[in-house]
Amino acid sequence: MEIYVLVKQVPDPEAIVKVKSDLELEIENKYFTSFFDEIAVEAGLKLKEKFGGRVTVLTVDNRRVDALRRGISMGADDAVQIADAALEGSDQFAIARTLSAYLKDKPFDLILTGRQAMDDDAGIVGPAVAECLGIPHVHSIIGFEVDDQKREAKVIREVENGRETLTCPLPALLTCQKGLNKPRIPLVMNVMKAMKAQIKKIDLASLGLGQSDMSPYIKIEKYVPPPKRPPVKMIKEDFPENVRVLVKLLREEAKVI
Amino acid sequence: MSNDIWVLAEHQEGKVKKIVFELLSAGIDFSKKTGQEVAVLLLGSGLEEAAKSLTPFADKIYVMDDPSFTPYTSDAYLPSIASLIKEHQPSILLGGATSTGKDLFPRLAMHLQTGYSPDCTGLSIGEDGKLIARRPLFGGKVFAEMAFSEARPPMATVRNNAFLVNENLDRSATVISVPPHIDPSLLKKKVIGFEKAPGAKLDITEADIVVAAGRGIKAPENFKMIEDLADALNASVGTTRATVDEGWRDLKDQIGKSGKNISAKLYMAFGISGAIHHILGIGTCKTVVAVDNDPNALIFNYADYGIAGDLFQIIPALTEELKKALAADR
């Protein structure tokens, strides 16, 4: 089974991210592999263990290849970085076109990725890649098994009022949600090996793409700080008076009940 | 080319979701500025009740009736919506930031080669009449105002409670029946099972009121107190990553960075210390109440009202007090 996993290195949830100017952020230098992408790598490795084949991790990033090294340390066979000056500032749709240009003539059975990257929280790239490649996708899966003979995946996805089970023919793209599995912690030895692993680097020209293919569909016009909550009003009365005060405030001041 | 604002009407068990009425109310607000009409897309089968409930909120309802729309798959929805969009060229397409919206919209946008801004918390129309979408990044540490390319229509999915439902609308939508574009050979995904979540509560992303407890509640069975409080308020019950990882609660109720972002009108946190992972999931809630034993808990920095006190005393007393207060209203 040929499996490709789309991964991204992103600021750690603990990292400080602040607005520096309208179009610039200040991001603390604390990065990790987007958690949902690690779940996707784990899902790919489990399939490889069952059916054999190869797992390739793939990223579009001009600077960071740590997510690829993380994938290799977990057990991925190959790592590919797509990097190009023309990718600077591109939107999620351009990234999806780029990934699809690389994947379109590869013999993939499954493409896996996280349900969203933990920086832009967009969740666009996965479904958009599936559209470019003309293959089915299922977003935010929490369970799946593959029937190699029938060339079909059976997946569970969470919807608002329950869980839905779908069948989906291969090749397909699945975006992975917490609950699907627990990503393995790589052995130190494998982390060391991954530091030295060869990473294939590919530019846009070799994919037949150029600057004109990168024109964005969406653009950040302006960064703004999050809305600030007024300082907390601590209710200092003793029990049970504090409970009565709270109910009164919720009804008469906040007017939410 | 029409100039309408379109909203995709998601529905569940015959009932149109609240987010749809919120988006239509916003759409009608925008249309007052621009003179546009507001239209709803309603796909499914047996849609009379749903269409009726939408009538005061829109000028047109495009109805596509076909059994293959129920339950939702992008395979069935996408070609039908895409062809209708190509025919009418609406000025905007909006939908809820739901499991359906997040599955369909990015793929539809790529198909139409148009811009899409996901999971927005605000929308506005700029001086030039163009859509501007506001959305959180990095789990809500910063927000971005998004602009769209010239391609039609700019698309956005929007979180619950970003807009108020305007109950006073009195449009009377014309129902326009549209033949669906279904190619059976393209229906690749098949829904073969559905397991309804236990209880009748709304998902935490859809509920107006969410009450939650964290590890401070000490044991899984103590969630009974939180459930009782939720019942008194007609609220849904959320929780933290810690209790989910302990196996106390289901993942679907986890609030925060690796769980769900909620936008409730009222969020009440009990015994939740306020780890950044959790705080990121409640940033767009309107009113936040925190109750914790520890007066220095971080959660108080992110709350509107706080009580430092004994949860096991306060929660049941609060439930009783609320029951009394709400009963007096009836």
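This is a predicted model: local features need pLDDT of at least 70, side-chain atom pairs count only at pLDDT 80 or more; totals for chains, interfaces and linings use all residues.
Two strands count as paired if DSSP finds at least two bridges between them. Helices (H or I, at least four residues) and strands (E, at least two) are themselves DSSP runs, numbered from the N terminus. Residues are numbered from 1 along each chain as its sequence is written, while chains are lettered from A and ligands numbered from 1 in the order in which they are written.

**Where A meets B**
- On the chain B side, 77 residues are in contact with 70 residues of chain A; contact here means that C-beta atoms, placed from the backbone, lie within 7 Å.
- Helix α4 (residues 99-112) of chain B gives the most to that side, with eight residues.
- Sorted by class, the side of chain B that touches chain A has 37 nonpolar, 20 polar and 20 charged residues. Nonpolar covers Ala, Val, Leu, Ile, Met, Phe, Trp, Tyr, Cys and Pro, charged covers Asp, Glu, Lys and Arg, and the others, Gly among them, count as polar.
- Strand β11 (residues 162-169) of chain A pairs with strand β13 (residues 190-196) of chain B in the antiparallel sense, over six bridges.

**The sheet in chain B**
- Seven strands of chain B make an open sheet with parallel pairing, in the order β7-β11-β6-β1-β4-β5-β12.
- At the edges are β7 (116-120) and β12 (174-177) of chain B, each pairing on one side only.
- From one strand to the next, the twist averages 20°; axes are lines fitted to C-alpha atoms, for helices over the stretch in contact, and angles run from 0 to 180 degrees between N-to-C directions.
- Strands β4 (residues 38-44) and β5 (residues 60-65) of chain B pair in the parallel sense over six bridges, and L42(B) stands opposite V63(B) in β5(B).

**Helices on that sheet**
- Helix α1 (residues 18-34) of chain B packs on the sheet and touches β1 (5-8), β4, β6 (92-96) and β11 (155-158) of chain B. The direction of α1(B) makes about 175° with that of β1(B).
- α4(B) lies across β6, β7 and β11 of chain B, at about 165° to β7(B).

**A closer look at V125(A)**
- You'll find V125(A) in helix α4 (residues 125-133) of chain A.
- V125(A) counts as buried because 29 other C-beta atoms lie within 10 Å; the cut-off for buried is 20 or more, with 12 or fewer for exposed and partly exposed in between, using C-beta atoms placed from the backbone.
- Leaving out residues up to four places away in sequence, V125(A) touches L6(A), Q92(A), I95(A), A96(A), L99(A) and T113(A).
- V125(A) and R69(A) sit 56 residues apart in sequence and 21 Å apart in space, C-alpha to C-alpha.

Key
Two residues are in contact if their C-beta atoms, placed from the backbone, lie within 7 Å.
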